[in-house]
Amino acid sequence: VVELLQGKGPADLEALCLTLGAVALVGAGVVENVSEGEALLKAKLDDGSALAKFKQLVAAQGGDLSFIDDHALLPQPSRVLLLPSPESGYIADIDALKVAKSAKLAGAGRTVKDEPIHLGVGVLLRKKVGEPVKAGETLAELHAGDLDHTEAMAMLKSAFSFLPEPVTPAPLVEEISLGDVFRNVTVLNS
């Protein structure tokens, strides 16, 4: 997210954030339509004011701003395990729930209430649906803690499916319907 605010994030994440943010702006009555909202938000990304506002929010909550300029200050994993593609072809699907479960198995989540969360643990996807891949090429990275990673890697591997022919990924946003979404919103005075 910080990389996106710095103008270095993935284009698909930027497009999704602009669309979802624009829907919120329409609902709040700030803009008339989604296109106008996307243009406004894109301008705020491009001129750096979105990043400046994020820094204000972090500071207001007592957060450490240093990680924004130096990502190495963020919690780091004990080890990074690469998941190679078992075959050549095209990524047909990535099961997001299995990806999340693999991260949890590696220590990114809790199984009981008092268990610590390892903030350096997670999954970094290196391939997306629709992309070509060669056997042995890295599909994902499991940023793991000190737990046994065998089950987590098996779960991550099972999240990917392949086809021999090109795949068209589904759109990030299929439909926007603003109809009744914001009509029943009640604003309470504090």
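1. The largest nonpolar core has 18 residues, and those touching the most other members are I91, L139, L142, L156 and F160. A nonpolar core here is a set of buried Ala, Val, Leu, Ile, Met, Phe, Trp, Tyr and Cys residues joined through side-chain atoms within 4.5 Å. Two or more residues each come from β1 (79-84), β2 (89-94), α6 (96-108), β5 (138-144), α7 (150-158) and β6 (160-163). β5 gives the largest share of this core, four residues. Helices (H or I, at least four residues) and strands (E, at least two) are DSSP runs, numbered from the N terminus.

2. A word on what you are looking at: this is a predicted model, in which local features need pLDDT of at least 70 and side-chain atom pairs count only at pLDDT 80 or more, while totals for chains, interfaces and linings use all residues. Residues are numbered from 1 along each chain as its sequence is written, and side-chain values use heavy atoms, with hydrogens and water left out. The chain averages a pLDDT (the predictor's confidence in each residue, from 0 to 100) of 90, and 94% of the residues score at least 70.

3. Leaving out residues up to four places away in sequence, F160 touches L83, I91, D93, I94, L125, L139 and A140.

4. S85 sits in the loop between β1 and β2. S85 has a relative accessible area of 4% and is therefore buried (under 20%; exposed is over 50% and partly exposed in between, with a 1.4 Å probe and protein chains only). Beyond four places in sequence, its contacts are V133, K134, A135, G136, E137, L139 and F162.

5. Of its 32 lining residues, P10, L13, V123, L124 and L125 are the closest to its centre. For the method: on a 1 Å grid over the protein atoms alone, a cavity is a set of points where a 1.4 Å probe fits but cannot get out, a pocket is an open set with protein on both sides within 12 Å along at least five of seven lines, and lining residues have an atom within 4 Å of a point. Grid points are joined across faces, edges and corners, and a volume is the space filled by probe spheres set on the points.

6. α1 (2-5), α2 (11-27) and β3 (122-125) each supply at least two residues of that lining, with the largest share, four residues, from β3. By class there are 21 nonpolar, six polar and five charged residues.

7. The second largest pocket has a volume of about 380 Å³. It is lined by 13 residues, of which L5, C17, L41, L45 and A50 are the closest to its centre. α4 (49-60) gives the most to this lining, with four residues.

8. E14, in helix α2, is buried, with a relative accessible area of 19%.

9. G120 lies in the loop between α6 and β3 and counts as buried at 13% relative accessibility. G120 touches P75, Q76, P77 and H143, not counting residues up to four places away. From L13, G120 is 107 residues apart in sequence and 21 Å apart in space, C-alpha to C-alpha.

Note on methods:
Nonpolar A, V, L, I, M, F, W, Y, C, P; charged D, E, K, R; others polar. Contact = heavy atoms within 4.5 Å.
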